[in-house]
Structures are given as structure tokens and as C-alpha cells.
Amino acid sequence: MKKLETIIGLEIHLQLKTKSKMFCACSNDGENQQVNTTICPICLGHPGTLPTINAEAVKLGMLLALALNCQINQKSKFDRKNYFYPDLPKGYQISQFDIPLAVDGHVVIEINNKPQRIGIERLHLEEDAGKNSHVAGQTLVDFNRAGTPLAEIVTRPDFRTAEAAKIFLQDLRLLARYLGVSDAEMEKGHMRCDANISLRPLGDTNLYPKTEVKNINSFKAVEKALLFEVLRQTELWEKNTPPHLTATRGWDENKQITVEQRTKEGSSDYRYFPEPDLPPLIISDQMLAYSKSAMPEFPQAKVARLMTEYGLSNSDAKILVQNKHWADFWEQVMSDLQAWFVRAGGQAESVWENHKANLAKLNFNWLTSELFGLLPGNFNFSDLKISSENMAELLNLVYQNKINSSAGQMILKEMFVSGADPSQIAEKLDLAQIDDVAALEDLVVKVFMLYPEQYNDLKNGKEALIKFFVGKVMFESKGKANPQKVEEIIKNKL
Ligand code: ZN
Ligand code: MN
């Protein structure tokens with residue numbers, strides 16, 4: 001049998017982070033409110049009510065579309081997608097059918113360090129439905145979510161592996177967060193994904209009937225559901241009975257399998273027709289230009305910049321960029337360090353350049369291993385009490401050997417709790433490193449007298465004892481002596 005190729009395309013619904021709903025003034029924070037409280041006659045579909053387009057939702061949708069390199073349709077329209085379901089009070093969803101907000105985009109993802117281009121077919125705006133929950137044989141409906149603005153993104157069938165699909169979704173989540181258009185938490189349903197998958201003999205250019213996998217609510221599940229489908233469909237091809245109908249299957253998280261829900265001959269008949277209650281959506285040249293200018297730096301570009309600007313490694317930069325708040329904090333600390341360096345020594349820029357890469361790595365290490373180690377599981381960045389200036393000051397104390405790293409860790413703990421200034425904490429806890437040569441010399445002389453035998457051996461050339469005496473000085477100073485300087489002093493005395 002010929003080798004088979006996997007063809008995957010994705011459809012993603014992304015909840016837009018607006019204040020109000022897509023077509024009414026209800027709060028868009030329904031997921032955190034009492035059920036059926038963020039509702040009104042419009043989102044409940046009462047007769048005689050009229051929808052109004054939320055300009056903020058349009059702006060966010062445009063930002064996302066531009067970030068996905070799409071063409072914006074400056075004139076698009078809304079349509080009614082008719083179907084019946086208890087969580088859909090109007091009996092139709094307002095969506096965009098034949099003229100979506102944006103078309104023809106692409107993104108580049110990286111798979112095993114190789115770039116791969118993924119086409120974006122379209123991005124359109126629509127409203128979400130309410131939420132059914134099935135409890136003890138009854139179905140309860142919460143309409144808080146009804147009317148939440150969604151951006152639906154449809155990719156081209158450009159993925160060849162389940163892993164590629166997962167990477168794309170992770171990149172999309174990060175992009176959405178950088179743009180501030182969505183919290184994009186899959187577990188909370190802010191980002192929902194349906195995946196279309198089919199196989200074909202390698203070299204064949206036809207597309208065969210696809211299987212749509214629904215209800216995938218985590219990145220892990222996307223990959224597992226698709227891998228399951230690859231195996232299932234491979235078996236069918238090997239038995240010479242490939243799927244001949246388009247089918248819908250659901251991912252069963254408990255059994256870790258996909259389950260057939262329905263098969264269909266063509267696309268469902270939603271009896272789309274133009275929404276008569278809404279005018280066409282017009283994007284002015286001015287609005288488009290504004291959106292283009294409002295683009296923040298994207299994650300991929302940020303990785304590249306952190307590498308060239310600060311000498312961070314690719315893997316360190318990628319870790320930082322995973323969270324925009326922390327990446328921005330890290331960079332603010334760098335700029336505070338630079339200000340300090342230039343100010344303190346009146347030092348030339350070239351001096352800063354010499355230290356920059358070392359400080360970047362020090363900053364990265366202290367952020368990701370020391371500070372992250374202090375964070376409780378549900379930590380919110382906005383609760384951080386440590387200012388970037390204070391973090392820079394702490395790193396400076398460590399870098400200049402004014403304190404050793406265990407003292408630094410104690411100071412950081414205190415800073416995390418109180419937000420206090422590191423040099424004040426160092427003073428209060430009496431942690432400042434002893435740097436003063438005269439004080440260190442006194443300590444060295446003291447330990448020489450305490451261990452006369454070893455001192456004799458040292459003088460007779462037993463150099464291994466240098467470490468012994470450095471250790472003794474550290475002990476006598478309660479860990480505060482600068483070990484490099486102590487070693488120098490001992491050597492000078494021989
Ligand atoms: Zn409403
Ligand atoms: Mn949709």
C-alpha cells in the first residue's frame with residue numbers, strides 16, 4: 001500500500017475581550033457572574049429588538065486579522081445562520097457568511113526548527129450561543145454567554161501532522177494575548193477548536209471526505225484526538241474502505257477516542273441570508289490605518305530582538321516571550337540596569353555593552369528560577385510588589401559581589417512579600433557582603449592564628465589549603481565575606 005499523507009485544517013473560535021457583548025450593551029463578563037444575569041431582551045432574542053454592532057469587537061477582530069496577515073474587506077456584512085438549539089434564543093446566530101471581515105492571510109510556525117507557512121482562509125465575526133449544562137437528566141441553560149463576540153478563524157488544510165496543529169494553536173493563543181484581543185484560555189472555552197482531518201495517498205492532490213473532530217478543549221486533546229484519527233483512518237485506508245462521507249466525531253476525553261456523531265452528504269443547510277437588521281460593516285481607510293499603526297511587537301519578532309539586542313539564547317528568549325507581562329518586566333529591569341550603570345560610574349555606553357549580555361543572563365536566571373520559584377500557583381502579575389527598579393538594584397548588588405547569592409535569595413523573598421528596597425533589606429538583615437580589604441585581612445589573620453598547623457603547611461607550599469582557609473573566613477564572617485577577595489588576600493600573604 002502506498003504511503004499516506006495527513007491533511008489537517010483548523011477552525012478556531014476565539015472569544016473577544018470586549019467590555020460589552022457583540023450586539024447589545026450587556027457585560028461581556030458573564031462567565032464570572034451569576035447565571036442569567038448579564039442578559040437583556042436583545043441577547044435573549046425577544047421580538048422587536050434590534051442589534052447594534054460593537055465597534056470594539058470590530059477593532060479587536062481587525063487587529064487579529066492584520067496580525068494573521070489577512071486582507072481586510074472594508075465592506076463586509078452580517079448574515080443569519082439558522083439552526084435550532086435550546087441555547088440559541090433567536091433560532092439563528094448572527095455571523096458573517098459570504099463576505100467575512102478578512103480573508104487570505106498566513107502565519108509562519110516553526111516545527112523542529114523549520115519554518116512552515118500556514119494559510120488562513122478567513123476570519124469573521126459572530127456571536128456566541130448560551131451554554132447548556134446537563135445535570136441529572138435535566139438541561140439547564142445559562143444565557144450569560146449568548147451574544148459574546150467571537151472571531152472565527154478558518155485555516156487552509158496546510159497541517160501535515162497533529163503536532164503542527166498544536167503548535168499553531170499555541171502560537172495563536174500567544175498572539176491573541178499579545179494583541180490583548182482575548183485571554184484565549186482553552187480550558188475556559190475562550191478558545192475552541194474544531195479540526196478537519198483526512199488522509200490521502202502521498203502524491204495525490206485530491207482532497208477526500210474529511211472528518212470533523214469537535215469538542216476539543218485543550219492543546220493536549222487536539223494532538224491526541226488527531227493522532228487517534230490518523231490511526232483510525234489509516235486502518236480504513238489499509239482495509240480499502242476509506243471514509244466516503246464527511247463525518248462529525250466528538251473527542252471523548254475519558255475514553256481518549258473520537259466517537260461518531262453524524263455523517264452528512266454535503267454541507268449543512270443553515271439557510272443563510274443577510275441580516276436585515278444590521279447595515280453593512282464599513283471599515284474606513286482611517287480605521288484601517290489606525291489598526292495597522294496599533295500593532296504591538298509580535299512574539300516571534302520579540303524573540304529575535306531579545307537575542308540580537310541583549311545576547312539572550314534562543315531558548316531563553318522563547319521562555320521569556322511566553323508571557324508578555326514577564327517579558328516586559330524583564331526588559332524594564334534591563335533598562336533600569338542600564339540607567340544605573342551609566343549613572344553610577346558615569347560610564348561610557350561601551351562599558352554597558354560589555355556587561356549587557358552577562359546582566360541579561362543574570363536577570364533571566366533570577367527571574368525564571370528565583371522569582372518564579374516564589375510565585376504561588378494562581379499568581380497574578382498585577383499583584384507583583386517588586387518594582388523593576390528594585391529588581392535591577394538587587395541584581396546589581398549580586399553582580400557587583402556586594403552580596404552573595406544566598407543573601408540575594410533572602411532579600412528577594414523579603415522584596416516579594418513587602419516590596420521593600422533591596423539595599424534597605426540587606427542592611428536590616430545585616431547581609432551586606434564584607435568587601436573592605438582591611439576587615440577581610442583581619443579575618444584572614446584571625447583564622448591563620450586559629451589553625452597554626454595548617455598555616456605552616458600552607459606556607460610550606462600546600463596550596464590545597466587555600467580553599468580551607470577561605471572556608472574558615474566565610475564561617476567566621478557568617479557567610480558575608482567576599483570569597484574572591486579573601487582568596488586574593490591569602491595568596492598575597494604567602
Ligand atoms: Zn444583552
Ligand atoms: Mn462559528
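I looked up contacts (heavy atoms within 4.5 Å) in the protein: among those between residues at least 6 apart in sequence, 70% join residues at least 24 apart. I note that this is a predicted model, where local features need pLDDT of at least 70, side-chain atom pairs count only at pLDDT 80 or more, and totals for chains, interfaces and linings use all residues. Residues are numbered from 1 along each chain as its sequence is written, and side-chain values use heavy atoms, with hydrogens and water left out.

I then looked up secondary structure and found 15 helices and 16 strands, taken as DSSP runs (helices H or I, at least four residues; strands E, at least two) numbered from the N terminus. The radius of gyration, taken over C-alpha atoms, is 31 Å, well over the 23 Å from the globule rule for 494 residues, so the protein is more spread out than a compact globule. That rule is 2.2 Å times the number of residues to the power 0.38. The C-alpha atoms fill a box of roughly 95 × 60 × 50 Å along the principal axes.

Next I checked burial: 44% of the 494 residues count as buried, meaning under 20% relative accessible area (1.4 Å probe, protein chains only).

Last, the nonpolar cores, which are sets of buried Ala, Val, Leu, Ile, Met, Phe, Trp, Tyr and Cys residues joined through side-chain atoms within 4.5 Å. In the largest, of 63 residues, Leu10, Leu64, Leu68 and Phe168 touch the most other members. Helix α2 (residues 162–179) gives the most to this core, 10 residues. Apart from it I found another core, of 42 residues, including Leu306 and Leu371.

Terms used: Chains lettered and ligands numbered in written order. Buried < 20%, exposed > 50% of the residue type's maximum accessible area, 1.4 Å probe, protein only.
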